[in-house]
Amino acid sequence: MENHAQARFNRRLRLLIFALSTFAAAVLVRYAVLAIEGPDKTEASINAVIERGRILDRNGNVLAFDIPKFNIAIRKNEIDPFRIHEDLRIVASALNTSADALEQKIRDSSQNFVYLAKRLDIDTVKPLLSQADKGQLAGFLIEEVSGRIYPEGRLASHLIGFTGEGNRGLEGVEYKYDTELSGAGSENVRGSDIYLTIDAHLQYALEQTARKAFIENHAESLFLMAMDVNTGEVLAYVQMPDFDPNNFGAFKEAEREDRMSVYSYEPGSVFKIFSMASVLDAGLITPKTQFNCDGAYRKTLPSGEQIIIKDLHSYGMLDLAGILAKSSNAGAGYASDRMSEAEFYSRLINFGFTQKTGIGSPGENPGSLREPAKWSARTKPTVAIGQEIRVTALQMITAASAVANGGILLKPETIQRIERADGKILYNHKPVALRKVIAPETSRAIITAMESAASLEGTGWRAKVPDVRMAVKTGTAQMIDPKTRAYSETDFIASTLGILPADNPKVAIYVAIVKPKGDSYLGGQIAAPVLREAAESAISILGLPRGKSQNAMHDGLVTIQEPAPAVIGAKMPDLGGFSKRQLLPLLLRSDITVIINGDGYVVSQDPPPGTAIEAGARIVLRLQ
């Protein structure tokens, strides 16, 4: 039986050799022409390989870099017909395939040059290099090319992305900054390095937390983000399920998709911080204004139609702190009644909803909110509780950072800097203030009210980290059933937002669990503990302050003596000692250019105090 198989293989081999000989004769004429014309002067430059730039975290930890990879090919006209049988067996053994399969690939191609395998590691090709050194494998070519490796595996995979054929970026930062990374058009030996804003240690810790919650809750997906509220820099970008970019082909497209930016959803009760902030900032309520939250929001229209939006319980009279602590639909709905539809819509849009953040994938979803002309009588109170509006996780944490930092909407960012191979800095992130969305006093009032939600009287008590003042808001959103177009009785999104420390906000953390199928679907029960664990990691890794503190019940209104924001008039003031948070309003000035370098507090300034300031002036502040 074995002799019969050998004979059959030998017959096929003789046919292959005959075909190759015929092909070789056919290409001799072409080679003669090429010899007369000379080599193609452009081929070397086209095929020149520039090492792809690295991707690193904010602290210089390498997350992606190039290593040598190898392609195996064959030139049909250069094979040794007397050794091809043995050579095919040697190559097949190294590639863990069969000689028959390689023979078929060669026969199926009408070209003289045929690739047999691509992007192999050095360990795979070592035996073949050894054989080639001995003068074997005539006609076979071992071609060295650049290949990408991700040493931390799944870490930040949706943000980093991956490369494909030709080492070109296909997703994430690899795709978005392919020109910079590849060094296209550059004379440098390698492309530029991209430093991300994420902290790899925090990213790893939050991924561990997210993966555990994802599995325990049998969820469809999970989002977990951390952002510096005073710079807009993303410190952690976590999504489950994740994937390994070293072997991205083994994962489904749905697992590789950056849902943090392309998936929109109704956010539920976390959105109440934006609706209540809008009404409060307009001066239509105060933190002390109370509403009767007796179990439901009720409104009778002139037609006699009744609008009813239920609460989980009857809470009685609630002020701002009570509405957020109890997550009362009635309270948020009644508060929205005090504002016109047009202004309510305008203020929510001002927070960045329905607009792309600019840092997501090329297919980033802007979310949606119908214009007031298309609203029904129940739309406004429904939007106030986080329904009839669709958002992305990126939009939620960006808007939350504006609430935390005193009311300035900052452009979010995932790139800290871009550094060319010769050391030249091509880009260095500076906070970009888009607009003022609420007043500083509104910001402080909302943060104070959110602290009540983190107390034992609120829905977010499971998110509370001991000895740290935290502002928290939980949410549980029913999802629309795509088949019935009605709210599902089984599909929910559980979420929780945290801002810490509440007395001097530094970081916002947002978690959303999509379609949990475990013991609970309530944000306060399953998302809040995830936030607490993420906050513990952030406090430890980022060195956030914490200290012994006692919990105390209060009336929900606390006056915080906060340093006044920086102001520049006709003459340059002495800004020494001012914090970055105090400086943020200066970024909104259109008549002067303010550049802030570093973090912490102002240690030097240009121009010096007392200098006359005119339109177009350039002011540089260095912080430590």
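Trainee: Before anything else, what are axes lines fitted to?

Mentor: Axes are lines fitted to C-alpha atoms, for helices over the stretch in contact, and angles between N-to-C directions run from 0 to 180 degrees. Keep in mind that this model is predicted.

Trainee: OK. At what angle do the axes of α3 and α5 cross?

Mentor: Roughly 160°. Helix α3 covers residues 84-95 and helix α5 covers residues 122-133, and their axes come within 8 Å. Angles over 145 degrees count as roughly antiparallel, so α3 is roughly antiparallel to α5.

Trainee: Which residues in α3 and α5 meet there?

Mentor: From α3, Ile90, Val91, Ala94 and Leu95; from α5, Thr124, Leu128 and Gln131. Five residues of this contact are nonpolar, two are polar and none is charged.

Trainee: Switching to sheets. What is the strand order in the open sheet of five?

Mentor: The order is β9-β8-β20-β19-β18, and the pairing is antiparallel. From one strand to the next, the twist averages 10°.

Trainee: How many bridges are there between β8 and β9?

Mentor: Six, in the antiparallel sense, with β8 spanning residues 221-228. As one case, Leu222 has Met240 in β9 as its bridge partner.

Trainee: Which helix packs on that sheet?

Mentor: Helix α17, residues 393-404. It touches β8, β9, β19 (487-500) and β20 (507-514), and its direction makes about 30° with that of β8.

Trainee: And the open sheet of three strands, what is its pairing?

Mentor: Mixed, with the strands in the order β21-β23-β22. β21 (593-597) and β22 (602-606) are the edge strands, each pairing on one side only. The twist there averages 20° from one strand to the next.

Trainee: Do β21 and β23 run parallel or antiparallel?

Mentor: Parallel, joined by five bridges; β23 is residues 618-623. Val594 has Ile619 in β23 as its bridge partner.

Trainee: New topic: Lys411. Where is it?

Mentor: Lys411 sits in the loop between β14 (408-410) and β15 (415-419). Its relative accessible area is 30%, so it is partly exposed.

Trainee: What does Lys411 touch?

Mentor: Leaving out residues up to four places away in sequence, Lys411 touches Thr231, Gly232, Thr357, Ile359, Val432 and Leu434. Lys411 and Thr231 are 180 residues apart in sequence, yet 8.4 Å apart in space, C-alpha to C-alpha.

Trainee: Why is the pair of Phe274 and Phe353 edge-to-face?

Mentor: The ring planes are at 65°, with the centres 5.3 Å apart. Planes over 60 degrees apart count as edge-to-face, so this pair does too. Phe274 lies in helix α12 (residues 272-281), and Phe353 in the loop between α15 (341-350) and α16 (379-384), so the pair ties together parts 79 residues apart in sequence.

Trainee: Is Phe274 buried or exposed?

Mentor: Buried, at 0% relative accessibility. Phe353 is buried as well, with a relative accessible area of 1%.

Trainee: Which residues form one aromatic cluster?

Mentor: Phe162, Phe243, Phe248 and Phe251.

Methods:
Residues are numbered from 1 along each chain as its sequence is written. This is a predicted model: local features need pLDDT of at least 70, side-chain atom pairs count only at pLDDT 80 or more; totals for chains, interfaces and linings use all residues. Side-chain values use heavy atoms; hydrogens and water are left out. Two strands pair if DSSP finds at least two bridges between them. Helices (H or I, at least four residues) and strands (E, at least two) are DSSP runs, numbered from the N terminus. Contact means heavy atoms within 4.5 Å. Angles under 35 degrees count as roughly parallel, over 145 as roughly antiparallel, 65 to 115 as roughly perpendicular and the rest as oblique. Ala, Val, Leu, Ile, Met, Phe, Trp, Tyr, Cys and Pro count as nonpolar, Asp, Glu, Lys and Arg as charged, and the others, Gly among them, as polar. Buried means under 20% relative accessible area, exposed over 50%, partly exposed in between (1.4 Å probe, protein chains only). Rings of Phe, Tyr and Trp (its six-membered ring) pair if their centres lie within 6.5 Å; planes under 30 degrees apart count as stacked, over 60 as edge-to-face and the rest as tilted.
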